[in-house]
Amino acid sequence: MNVEVPSRILVVEDEAIVAADIQDRLETLGYTVAGWGTTGAEALDLARSSNPDLILMDIMLKGPMNGIQAAHIVRTELGLPVIFLTANSDEAVLEKAKISEPFAYLLKPFEERQLRTNIEMALYKSRMERERERLTRELQEAVNTIKTLSGLLPICAWCKSVRDDSGYWMRVEQYVEQHSHATFSHSVCPDCASRYFEPNAEGGAASGGEVTPTGVSAVQPPPPAGALIAPRQPRPPGS
């Protein structure tokens, strides 16, 4: 039986009373508080050390680094979802906050229902984002391992052997196996089966063959690729 582990939330809020209230609400809703920071620098340190599932970040933090700047670093470096907390609904501030790609905004004061809804939506979007990244990475790795055959390939007109880049001649199936992920399973095509192995209508051999005890043609198949073929001797006159 799998026990669901509560999501870990990092709170970054420089007002102690507000931060304590948020932490109490999170625990009431069943989440685990991963830590509490009051500045952008503390937010980065806690995010790197505690590896939370989500960060609740106040936009207007004290110090040289505000919440927008800290969230931008968190997103680009750690890929963690961030929900902004703000009492300022100024359009200019919200427009600047977009650069950090927040998963949601919560205007103070907010209700527990709003807090839970936004957290759950952000966690879901974050999981889907990581899954897409994983699938994209696996697809790229698969594409990088695929070998393709292209360009001009010298092939012998008689035995059908091919010449590789080093000048060596080899059978075509050997070359394809070395330059792709294909493997070969030898068989007999219908034309060759009919020509070399099937009996004719009278129960004898196919054209040019000999009758075997089973009535099946024993016509010799073509010589293997690369075999040396002796030239045919001319017949004596009158034969």
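Me: In which loop is P109 found?
Reply: This model is predicted. Look for the elements on either side of P109. One is β5, at 104-107, and the other is α5, at 112-145. P109 is found in the loop between β5 and α5.

Me: Is N51 buried or exposed?
Reply: N51 lies in the loop between α2 (40-50) and β3 (54-58). Its phi is positive, about 45°, although N51 is not a glycine. Exposed means over 50% relative accessible area. N51 has 53% relative accessibility, so N51 counts as exposed.

Me: What is the relative accessible area of K160?
Reply: K160 sits in the loop between α5 and β6 (162-163). Phi of K160 is positive too, near 70°, and K160 is a residue other than glycine. K160 is partly exposed because its relative accessible area is 46%.

Me: What is the volume of the largest pocket, and which residues are closest to its centre?
Reply: The largest pocket has a volume of about 360 Å³. Its lining is made of 18 residues. Closest to the centre are V5, P6, S7, L123 and R127.

Me: How many residues in the lining of the largest pocket are charged?
Reply: Sort the lining by residue class. Eight residues are nonpolar and four are polar. The charged residues number six.

Definitions and conventions. Residues are numbered from 1 along each chain as its sequence is written. This is a predicted model: local features need pLDDT of at least 70, side-chain atom pairs count only at pLDDT 80 or more; totals for chains, interfaces and linings use all residues. Side-chain values use heavy atoms; hydrogens and water are left out. On a 1 Å grid over the protein atoms alone, a cavity is a set of points where a 1.4 Å probe fits but cannot get out, and a pocket is an open set with protein on both sides within 12 Å along at least five of seven lines; lining residues have an atom within 4 Å of a point. Grid points are joined across faces, edges and corners, and a volume is the space filled by probe spheres set on the points. Ala, Val, Leu, Ile, Met, Phe, Trp, Tyr, Cys and Pro count as nonpolar, Asp, Glu, Lys and Arg as charged, and the others, Gly among them, as polar. Helices (H or I, at least four residues) and strands (E, at least two) are DSSP runs, numbered from the N terminus. Buried means under 20% relative accessible area, exposed over 50%, partly exposed in between (1.4 Å probe, protein chains only).
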